[in-house]
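Please look over the sequence and the model shown below before reading on. The report then takes up a few local features, one group at a time.

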Amino acid sequence: MIHHADARNGVFVGRIAEQDFLLNCATRNSDDLTVVYLHGMGGIGKSTLLRKLAGDAMVRRGKVTEIDLAIEMFAFSDFQAEVLEALAVEDAILLIDSFDRAQQWESWLRFVLRPARLGNALVVVASRVPPDVNWRTDPELSGTLKVIELKEMTDGEARTLIKENGFHHAEIRGLLDLASGHPLALVLAAEMTRRRKFGSGPVKPDAAFNGAVLDKVVGDLPSRLHRQALEVCALAESANEELLCYVIDGEVDEVFSWLRRLPYVEAGEKGIRVHSLIREVVSEDLRWRDPDRFTLLHQKIHSYLLMKVRAADDPGAMDAARNLVHSCRETRTRASAPVCQEASRFLETDYEPEDRDRIVGLVAQREGPESAAAVAHWLDRQPSDFHVYRAVDSGELVAFYGLLHLEKSDPDAVANDPVIAAIYDYVDRHGGMRDDGQILVSRFQIDLGSRVAPSGVVDTMQIRTIVEWIRSERMIWSFVAIRNPRVWSRRIASIGHPLIEEFPNLDGAPLAIHGHDWIEEPLGGWADRSIFGKLSGKSPRGDQGGRRSAGMSRADFRAAVREALKNLEREDSLERNQLCTAQVAANGAELKRILSEAVTTLSRNPRNRKHFDALYATYFVDTPNQEASAARLGLPFSTYRRHLTKGIEEVSDWLWHDRLSSGGAAR
């Protein structure tokens, strides 16, 4: 057994600062402090720390009273009696553990623990939830109360704990990544490793490990709705009420308030985020327990996030894409955390002409003269296609990125950039370009902080690229040109961009080109294969691609949706609609059903309710004209028209993803 569990007689690892602080309080070296409130998620080490304090305090100070509400259930009157009896002793030390099980007694306990009633006693309370705000604002507790949140062990502490129990260096990294610094999880992971004899690779949690963490850390949940909400938050990188409302059928206001109060949930600027250990365990347990629901929730989450990428403003689109990318990663524990944290250290800005010499010089230094000449050509010709990343603290350029938007073959571009010349040649040999089409090329990715390893700034470049792929209305082809293909090629291929060309020696180093044909595999099919298929382990739904000749532009698709809604009750008109021709629906009856489903989906989000009302009043209720529909809704005609237009756009966007993921040919 891991020694950390035996705090009195075994080896106690870590928490040095907390140990010293509590012992100083117990030996009266800490002035006026009389109440310490420890809080943190289950299994984080609160009880172990209290047992260590109890042992040390008995040696130095005498009588210590311990009340553990997880072991013994108290009536309120019995709890009152126990507390008051303990405090009646001179120089009393009272340790109350698992107070979250009796949080309803919080007001009484706070009143009793005021200094005037405590005398020279020390009281330490441990709970999974923090004290309510009244503890911090009570003037009588000012200066005598210390609130401590117990967080994960540091890497050093966790390594020491593992080594103390006989694990070798090769096994440590996998245990650290799985447990994310959580002491109880380290214990359970170590026992699982002994059972299953893992090697030096990743340690995957088994059903016994997941069940133990759920039992000891998560505990019982109030209802099925609460469980489903936690599962959604575990599958998404972060969540807000709007996401929950989209995925879950039912009112989520109270559930969201419950989620944000959980000890293993952190509220931030982008919503709430579940602790990495709990995300991994809840997700894997759901995958094992109910694989169909695991798949369904992932589909709904990804559908929502794709919709947000398409519809949100630029910062919102980047946030949604980042959530989408990170929610799709197989392992989302401590190993990938630094990449996410780095994103707050730099800003993405537009390219400025004064950056030119610096960028050209860096490319010459990093890659060579041929690449430097190419980047100079594109900076002069298409400066708006470049993004510059600057350090938040200094404003210094730390990285830059070129995402080129190209039209039909251009002799000038071919002459100045051998990579673009190879891309045009490939496109010509594989179907060519439409007159209104566009090629997107991720051409230059320079991070001054890292030559090969993933980093926060490289992550942001790749997320920017994905946003462009999802939002583009004219894109026919996309390509990614990468240095260090040995490091990056597998990752790029995993997002639907197979290797198509290699330069074994461009400026003295290899360069690889990966590409995707968005006519052969539209957005929905790409998302199914690169996102949904990878996570579920199943093949994507339907066909992998459509027919080039049946391609539709985004604008044509939206116009076809508008026309179909106008003729919803005329099946013969629906049969002739482009959406049937492009294989979005097999016939008019199916198209009517699909449109009705899309409008109903819109109604589930309260923020879209007014758009749904305009659509319903116009196309699903027998009214003579749009003026009558506006009057029925009690809206000025201009407001009604704005809501209707927005509703048509949202239905079109939903269909663009949802139906094309079944293999439709529209583009």
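A residue is called buried when its relative accessible area is under 20%, exposed when it is over 50%, and partly exposed in between, with a 1.4 Å probe and protein chains only. The model is predicted, and local features need pLDDT of at least 70, side-chain atom pairs count only at pLDDT 80 or more, while totals for chains, interfaces and linings use all residues. Residues are numbered from 1 along each chain as its sequence is written, and side-chain values use heavy atoms, with hydrogens and water left out.

Most residues other than glycine have a negative phi. Ser-180, however, has a positive phi near 55°, and Ser-98 has a positive phi of about 60° although it is not a glycine.

**A buried glutamate**

Glu-18 is found in helix α1, residues 16-26. Lys and Arg count as positive and Asp and Glu as negative, whereas His and the chain ends are not counted. Glu-18 is buried but has no salt bridge, a term for a side-chain nitrogen of Lys or Arg within 4 Å of a carboxyl oxygen of Asp or Glu. The nearest side chain of opposite charge, that of Arg-15, is 4.7 Å away. When neighbours within four places in sequence are left aside, Glu-18 is in contact (heavy atoms within 4.5 Å) with Leu-49 and Leu-150.

Arg-593 lies in helix α28, residues 588-603, and is partly exposed, with a relative accessible area of 45%. Its C-alpha atom is separated by 9.6 Å from that of Leu-568, a residue 25 places apart from Arg-593 along the chain.

How does α28 meet helix α29, and which residues take part? From α28 come Ser-596, Val-599, Leu-602 and Ser-603, which meet Arg-609, His-611, Phe-612, Leu-615 and Phe-620 in α29. The two helices pack at an angle of about 145°, with their axes 8 Å apart; axes are lines fitted to C-alpha atoms, for helices over the stretch in contact, and angles run from 0 to 180 degrees between N-to-C directions.

Definitions and conventions:
Helix = DSSP H or I, 4+ residues; strand = E, 2+ residues; numbered from the N terminus.
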